[in-house]
Every structure is written in structure tokens, then in C-alpha cells.
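Hi,

Here is the structure I promised to pass on. Have a look at it first, and my notes on what turned up follow below.

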Amino acid sequence: MSARKTAKKGQGREAFDVHGTSVAPGTNATVRIPISYLPDHTQVQLTTHIIHGRTEGPTLFVSAAVHGDEIIGVEVIRRLLQLKKIRKIKGTLIFVPIVNAYGFVNQSRYLPDRRDLNRSFPGRQNGSLAGQLAHKFMAEVVSKCDYGIDLHTGAIHRANLPQIRADLDNEKVAAMARAFGASIMLNANLRDGSLRAAAREVGCNILLYEAGEALRFDEQSIRVGVRGVIGVLEHLGMLSTPRNAGKKIDPIRSNSSHWLRAPIGGLMRAQKGLGEMVEQGDVLAEISDPLGEVQSDVTAKSSGVIIGRSNLPLVNRGDALFHVAEVKDAHDAEEMIDAHDEEVDEDPLFDGMSIV
């Protein structure tokens, strides 16, 4: 019987099974799924926390650290688990705070075999280390879910504006993206080997949240993530929407984006930051040699909003420096991003909940 299938009417909900552990309706449990051993024989596990509601509803997973150095999502999940109302959900909620434990403990994006887990799905039971981990995550979590939210950040020395990347041509997914409520939602193509592509093949509708920088906590990115997951749970009917809830600012949709790259190597002095609008021909940064004798500008190819940028002043020719999302009206988009940031700051959900 499928894990999504429930008992006949009048018999109550069935327990939810993960790796031989049955979670009764109205309870929660932490299940640690063995993956492998490190060279010193320390066991590596895929830790999951299941909240199995008393009432029927969808099954949704929230995962983080598919790339081991992307830690903002780990804190998002920790904060969600501190909220009392999360225990009152309808349906079933699965949290997986650290998918790539190998990369997490080594502060690395990759696994020990240098493979990218998010290019290794759906994996194989007897494949590479990355393939085996991908296979286990798909079998034990993703294939049992109707929906998923995968939490990511930018790479090391590169920050992302809080944003959703998803197949916005799928109306169910687009509705989830609007409910998440990040300031930008980007219509992103599926990539071979990605979790998003593999999830679609097993009928799981999934969002990818991008925010902040690898190996760094960022309060705004964390708050948008917490608020966004709750918004999706309310949209799916897994949580009740508060009666006094106001209407959220609608996300800005972008159907295409591009990176601006360094025309020369040298020292970069950025003039534009995340969330700022640009117009064709605007100078986003200057790059020069250490003596200032040679200089070249990084200029915008088209109008849009900066949704990602490098934080490292030392650049080589061809380095990706600014990620620009193309939008209908960049000026309006910048104002909406500012308004969204204020909305998140003023949300009573975060009273007394922050880090420095």
C-alpha cells in the first residue's frame, strides 16, 4: 500500500511508515535512516522528523543542505519546529534538515567523491556515494510526498536575494510559489539530475527556495523562509489561516534571467546590490588592476532586478558577478521588494525570534 494511502472511512488514519518506523496519527517522531560509514566507521544518517496529523491532508517534505554548505535552510527548519501550531497540521509533514551530511560536516557543497548531489537524482541503490544518497532520499521521503520545498542558498562568496525557482507553467506549483511569498519567483527550467526533475517524475510538486550565502546565517533570508513554508502549508489546507491575516504582497514573476560576467581580472568595486533595479547600460561595478591603471566597467545588458551577486572583490575574467532577473517594470519591482522586506520585518510571527 502506498504511504499516501489512508484507511477506509470510519477506521481513522493509518500510521505513516518511514524506514520501518510507524508514526501514529497525532504524533511525531525522529527517524534516522542509515546511509553509510565514514572511514573511521562513524555512521552517517539521513535524519528525518515526521509530524503525522490526526486529520487527513497532503504529505509535504521540507529539506535543506542538499548542498552541504547551504545552512540557512537548516535554521529555517529548526525555527519551524519551535512553532506550536506546526504540531496541529492536517496531513503529514516531513522535515529533513540536512540531506547531505557529508558536505555539512566538511563545510562543503559536495560529497567526498566531489559529486554534486543535486545533479545525482534519482540515484541508484548501488551507484556512487551521491547516487546512493539520492536514491535513499527519493525512496524514503520524496516518493511518499505530494509536495516539497527544498531550501538552498547561493554558493560560497555569492549571495542570493530571497527567491523561488520553480516550474511556474505548472499551475499547482505556481500557486504554491505565490503562497510562499518571496519577493521574486523565477520560472526556472528543470535540470537533468536535479531533485526538482526527479520529484516531478514521481508526482511530487516542488519549490526551490534560494536565499543568502553559503556558510552564513542571514536573518532576513531565514525569516522569509519560515514565513514562506507556513504560507504554503496554509495554502494547501495543512494549517489554518489566521482570521486577522492580511493580504500578502504578490511576488514579482520573472520568466528569464542572466549573469553578468567579469570582462577582465582584477579588483571589483560594486555599485549595485541585491534587490536594486538596473537599466540597460547602467554601470554595476568597476574592475581595475591594483594600481588603477587599467579599468573596465560591468554594465547591464537589459533592465531588471539584481537577484544574486558575488561578494568577493577579487575576480578573474569570466567570473559570474551579478544575476539579473528580467521583469516588466524594474522600478516597480524594486519598490515592491522594499515593501516586502518591511512586511517581513513587521510580521508578529518573529517577535523575539532572531539571531545577531
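A word on terms before the contacts: I call it a salt bridge when a side-chain nitrogen of Lys or Arg is within 4 Å of a carboxyl oxygen of Asp or Glu. This is a predicted model, so local features need pLDDT of at least 70 and side-chain atom pairs count only at pLDDT 80 or more, while totals for chains, interfaces and linings use all residues. Residues are numbered from 1 along each chain as its sequence is written, and side-chain values use heavy atoms, with hydrogens and water left out.

Salt bridges

Searching the whole structure gives 15 salt bridges. One of them pairs Glu 219 with Arg 79, with 3.0 Å between the closest N and O atoms. Glu 219 sits in helix H6 (residues 219-235) and Arg 79 in helix H1 (residues 72-82), so this contact ties together parts that are 140 residues apart in sequence. (Helices are DSSP runs of H or I with at least four residues, strands are E runs of at least two, and both are numbered from the N terminus.) Glu 219 counts as buried at 18% relative accessibility, and Arg 79 is buried at 2%; buried means under 20% relative accessible area, exposed over 50%, and partly exposed in between, using a 1.4 Å probe and protein chains only.

Arg 253 and Asp 169 form another salt bridge, where the closest N and O atoms are 3.5 Å apart. That pair links distant parts of the chain, 84 residues apart: Arg 253 is in strand S11 (residues 252-254) and Asp 169 in the loop between S8 and helix H4 (171-180). Here Arg 253 is partly exposed at 36% relative accessibility, and Asp 169 is exposed at 63%. There is also a network, in which salt bridges with shared partners join Glu 75, Arg 78, Arg 79, Glu 219 and Arg 223.

Pocket and cavity

How big is the largest pocket? Its volume is about 770 Å³. Among its 28 lining residues, Arg 119, Arg 165, Arg 191, Glu 210 and His 323 are the closest to the centre. Strand S12 gives the largest share of that lining, four residues.

Helix H5 (195-201) and S10 are the elements that give two or more residues to the lining of the largest cavity.

For both searches, a 1 Å grid is laid over the protein atoms alone: a cavity is a set of points where a 1.4 Å probe fits but cannot get out, a pocket is an open set with protein on both sides within 12 Å along at least five of seven lines, and lining residues have an atom within 4 Å of a point. Grid points are joined across faces, edges and corners, and the volume is the space filled by probe spheres set on them.

Four strands make an open antiparallel sheet in the order S16-S15-S13-S18 (two strands pair if DSSP finds at least two bridges between them). S16 (295-299) and S18 are the edge strands with a single partner each, so one side of each has no neighbour in the sheet. S15 (residues 283-288) pairs with S16 over five bridges, in the antiparallel sense, and Ile 287 stands opposite Ser 296 in S16. Leu 314 lies in S18 (residues 314-315) and is exposed, with a relative accessible area of 56%.

Cheers
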